[in-house]
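This report describes helix packing and sheet arrangement in one protein model. The sequence and structure are shown first.

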Amino acid sequence: MTRATTLTAPRPIAGFDRAGRQWTVDSHAPGLVPLPELTGRLLADAATLARYGRDTGNIVTAQPSAVLVPGSVEDVQAMVRYCHQMDIAVTARGEAHSTNGQSLVAGGLVIDMTALTEVHQITTGWVEADAGASWRSVAYLAAQRGRRAEALPGYLRLTLGGTLSVGGFGAGFRSGGLVDQVLAVEVVTGTGERLWCSATLRPDLFDAVLGGLGQCGIITKVRLRLLPAPERARSYLLHYVEPGPALNAMRTLIERDEVDGVFAVVVPPAPASPPLYQVRVQVFHDGIAPEREHTLRGLPDGVTDPREVDETYLDHISEFDTLIDDFRERGWDDRIKPRHDVLLPDETVREHVGAVVPALTREEWGPQGFVVLMPYLARSFGCPRLRVPADTELVWLFDLLTVAPAQAGRGFTERMLARNRRLWEHARALGGVRYPLGTTEFGQQEWREHYGVSWLDVLTAKKRYDPEGILGTGVGIFGQQHP
């Protein structure tokens, strides 16, 4: 095994100079603490640090001092233990799909989990994979064995660990968050311990890391529950111009419990038409799908006849990959993307949607923007760190993704951040809970309110598993890290 090296320096990084508080190639530095042996690479060149200093939102920047591209989970464990000793902040990074610097760390170590992608085992009941594996690779390999995850994110190129650290949502209204289909996870804690946990093995750690925003440990392996995979999927697309009929159609379908998924995409207005609520109904089958008239019976009439699409299961789950990949080819990665993400109780979702969507300006939609509305049975949620509204039968994810044009106007970011704060205050007054993927700054008091009666559990787990507070500083739960 060899010492990790930088991309451009001819000499390896020797370690961390405790006296100068910096990484050094000088093996004779008086304050040197030598690196552990690594199979991966520790990078500290300017181009790498700049690349890892931003996320999908392109709003917050926070440049690390080094980036670990691990060759193994042992590398992750060794470097977290090392950083614990050196008091160096650490963050794990997947696809960095958050938009407010949640996966960034100013002056600390980024661990690029996309280097660890192996799918280790697939059985009839579960799949075990590295946290850096994509949902796409897991879904495709499982489908080859005739199995599927209970629910999948809309964009399958996200990593397992990154998604599960936030919570994750798919189109399956019975499944809760994506964290609710996890059987067990392997975790490297903030002290460098490497532990498996589940609902019965170290349940406090299990609760702390699923939806826990990386505060108590880095997820390194995941074991997900699997179900039989269908051969095909039939989708029905129903179009409404008002939110009321769209919401009622989805409620009716959930109450009947005859379909496999339902959600809505709100399409931006055209010059001569208002925003369009496209309700998407999913039915899995093995060659003989239920009759359309039966599935859609009694639903509110839309502005057009329902559209029907029948395709293979794999083509079905890849639909939004195609859309986002096309966006990325047209510059999506470099655009500013201020997101508003909240979870709303069924009783007030209509009020929030009705207030927000019609008032969105052309600037707020942007050239690639959209809104997603996803309903879930409240009883299907079980992971305590993924906060959801109380005292409701249905929980609704409201996700507004604004995408700026290539040349955003002066003050665009400031206007959108002010808008997101205003929309959050409106949602909170309606019993909404923040889904912390988006772009709304939270202070420490707001985080305490977010966790409510579970705040003591948050503090206890942090003290136990990350006593030096080196993990997940970009989220700002225990103090804002970004300059």
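## Crossing of H6 and H10

Helix H6 (residues 243-256) and H10 have axes that come within 10 Å and cross at roughly 145°. Axes are lines fitted to C-alpha atoms, for helices over the stretch in contact, and angles run from 0 to 180 degrees between N-to-C directions. Helices (H or I, at least four residues) and strands (E, at least two) are DSSP runs, numbered from the N terminus. The crossing of H6 and H10 is right-handed, a term used if the near helix is turned clockwise from the far one by less than a right angle.

The contact (heavy atoms within 4.5 Å) brings Pro243, Gly244, Leu247 and Arg251 of H6 against Val349, Arg350, Val353 and Gly354 of H10. By class, this contact of H6 with H10 holds 4 nonpolar, 2 polar and 2 charged residues; Ala, Val, Leu, Ile, Met, Phe, Trp, Tyr, Cys and Pro count as nonpolar, Asp, Glu, Lys and Arg as charged, and the others, Gly among them, as polar.

## Basis of the model

The model is predicted: local features need pLDDT of at least 70 and side-chain atom pairs count only at pLDDT 80 or more, while totals for chains, interfaces and linings use all residues. Residues are numbered from 1 along each chain as its sequence is written, and side-chain values use heavy atoms, with hydrogens and water left out.

## The antiparallel sheet

An open sheet of 8 strands has the order E17-E14-E16-E15-E19-E20-E18-E21, with antiparallel pairing; two strands pair if DSSP finds at least two bridges between them. Strand E17 (307-312) and strand E21 (433-434) are at the edges with a single partner strand each, so one side of each has no neighbour in the sheet.

Helix H10 (residues 349-356) packs on this sheet and touches strand E16 (276-285), strand E18 (339-345), E19 and E20. The direction of H10 makes about 150° with that of E18. Strand E19 (residues 370-377) and strand E20 (residues 394-401) run antiparallel and are joined by 8 bridges. Leu377 stands opposite Leu394 in E20.
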